[in-house]
Amino acid sequence: MDDLLLLVHRIPYPPNKGDKIRSYHLLKHLVQHYRVHLGTFVDEEDDWQHLPYVKSLCASSHFARLEPRWARLRSLGALLGNRSLSQDYYSDGGLRAWVAHTMREQRIGRIMVFSGPMAQYAEAYPQARRVVDFCDVDSDKWRQYAQRKSWPMRLLYAYEAERLLRYERAVAAVSDAALFVSEPEAALFRALAPESGNRIGYFGNGVDTAYFTPHAEYASPYAAGERAVVFCGAMDYWPNVDAVCWFAREVFPTVLAREPLARFYIVGARPSAEVQALSVLPGIRVTGTVPDVRPYVAHAALSVAPLRIARGIQNKVLEAMSMAKAVIVSPQALEGISAETGRELLLAEDAAQFAATVVEALAPAAGSAGYALDEIGRAARARVEASYGWAARLAPVEALLESGLDANLASAVDEKRIAAAANAAAAPTWNQA
């Protein structure tokens, strides 16, 4: 096997949040074809326990400690250098030295970068083939933040949006391929970085259908009689915070007035103070960290993804679909997901429509809109099984690491090809450490 350097901004295990799900399956795929040398950060104390398992997958590895509070302070130094804050946030001398040593000793000719700011560690090696998985257009996310925040944070977020886009464009221009999580993300970046248009492609997220299965037996975490509406996600992530606060205040009161047994469960680690404050509202439950989100999805009446700011594909939606659960999504949460609205999931565009759709879905029998949750759940599971296996999703990455980039990049990660391949591929399982 040839050697490959993999640079990831956060330890790719356990796969318990969107970016770590994608990076974990990327790592598992790459180690089947290369001797992988992993350089990454650890930003949560609980994740240190997983180092032995991650090390066992790699030929060598380096784990840099990242303290988010100090990293945020350090990143402010970027203001003096007119740089992106994200670059300085993920800047570490020890990791840089390890990369230099590993590249020299192992004579590595391929570098896979996961998340744009990690590309700074590949800059010194233009002789290597470099593929960058940006995942999302992060600069546009900062732009959206700026639009919703008040002064002075609006100025800081606008600064980061501009500087990060400049950096993303520079990275794409010197990379052999710049990949994103969906065609809409790739199309957006092509418009923002037209000079790199022939280098830009995408590969969509997959789902571990063996892990997120409707066929396992889970004890219900809900009280008897409750009609649970569930949202799962990291609750210190601002788009998730914004989504649940909006839903709890603008949508759920109408639902509760019509369905007194309805309860809105917000399931996810590290709930912010704003999210915790929602627990005083009627019918709202904030769980904090739970050992396993699957029982909450399995026993919920339905899942919701009312995101108003979203980038890329929402794993929370695919995972709920994989568990044969009906999901109500916003247009932003639907982006990049190939599913038929009204049959495989439900779409709501504003507060009134969300409330009406939830009430209709919670009705004892299929209502006037014809919502039959079991049927939607079965169709959702079938869609995931047909189109979202990880093996097929990741196949184009190896091809891009091996061959020259040409006009076939877009078709190499075309959704129709992936869906066809997924039909014949068994989805990999989540093997615990």
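This is a predicted model: local features need pLDDT of at least 70, side-chain atom pairs count only at pLDDT 80 or more; totals for chains, interfaces and linings use all residues.

Student: What makes S5 and S6 a pair of strands?
Tutor: Strands are DSSP runs of E with at least two residues, and helices are runs of H or I with at least four, numbered from the N terminus. Two strands pair if DSSP finds at least two bridges between them. Strand S5 (residues 129–135) and strand S6 (residues 177–180) have four bridges in the parallel sense, so they are a pair by this rule. Aspartate 133, for instance, has leucine 179 in S6 as its bridge partner.

Student: In which order do the seven strands of the open sheet lie, and which of them are called edge strands?
Tutor: The order is S3-S2-S1-S4-S5-S6-S7, with parallel pairing. Strand S3 (60–65) and strand S7 (200–202) are the edge strands, as each pairs on one side only. From one strand to the next the twist averages 20°. Within this sheet, S1 and S2 run parallel and are joined by seven bridges, and leucine 5 has histidine 37 in S2 as its bridge partner.

Student: What makes S1 a mostly covered strand?
Tutor: Buried means under 20% relative accessible area, exposed means over 50%, and partly exposed lies in between (1.4 Å probe, protein chains only). Six of the seven residues of S1 are buried.

Student: Why are S10 and S13 placed at the edges of the sheet of six strands?
Tutor: That open sheet has the order S10-S9-S8-S11-S12-S13, with parallel pairing. Strand S10 (284–288) and strand S13 (346–347) each have a single partner strand, so one side of each is left without a neighbour in the sheet. Strand S9 (residues 262–267) pairs with S10 in the parallel sense over four bridges; valine 267 has glycine 288 in S10 as its bridge partner.

Student: How is the packing of H1 and H17 described?
Tutor: The angle between H1 and helix H17 (residues 390–402) is about 65°, and their axes are 10 Å apart. Axes are lines fitted to C-alpha atoms, for helices over the stretch in contact, and angles run from 0 to 180 degrees between N-to-C directions. Contact means heavy atoms within 4.5 Å. Residues of H1 including Ile21, Arg22 and Leu26 meet residues of H17, among them Trp390, Leu394 and Glu398.

Student: Why is cysteine 245 called buried, and why is alanine 351 called partly exposed?
Tutor: Cysteine 245 has a relative accessible area of 8%, under the limit of 20%, and is therefore buried. Alanine 351 has 21% relative accessibility, which lies between 20% and 50%, so alanine 351 counts as partly exposed. Alanine 351 lies in helix H15 (residues 351–362). Leaving aside neighbours within four places in sequence, alanine 351 is in contact with Trp246, Glu250 and Val251.

Conventions:
Residues are numbered from 1 along each chain as its sequence is written. Side-chain values use heavy atoms; hydrogens and water are left out.
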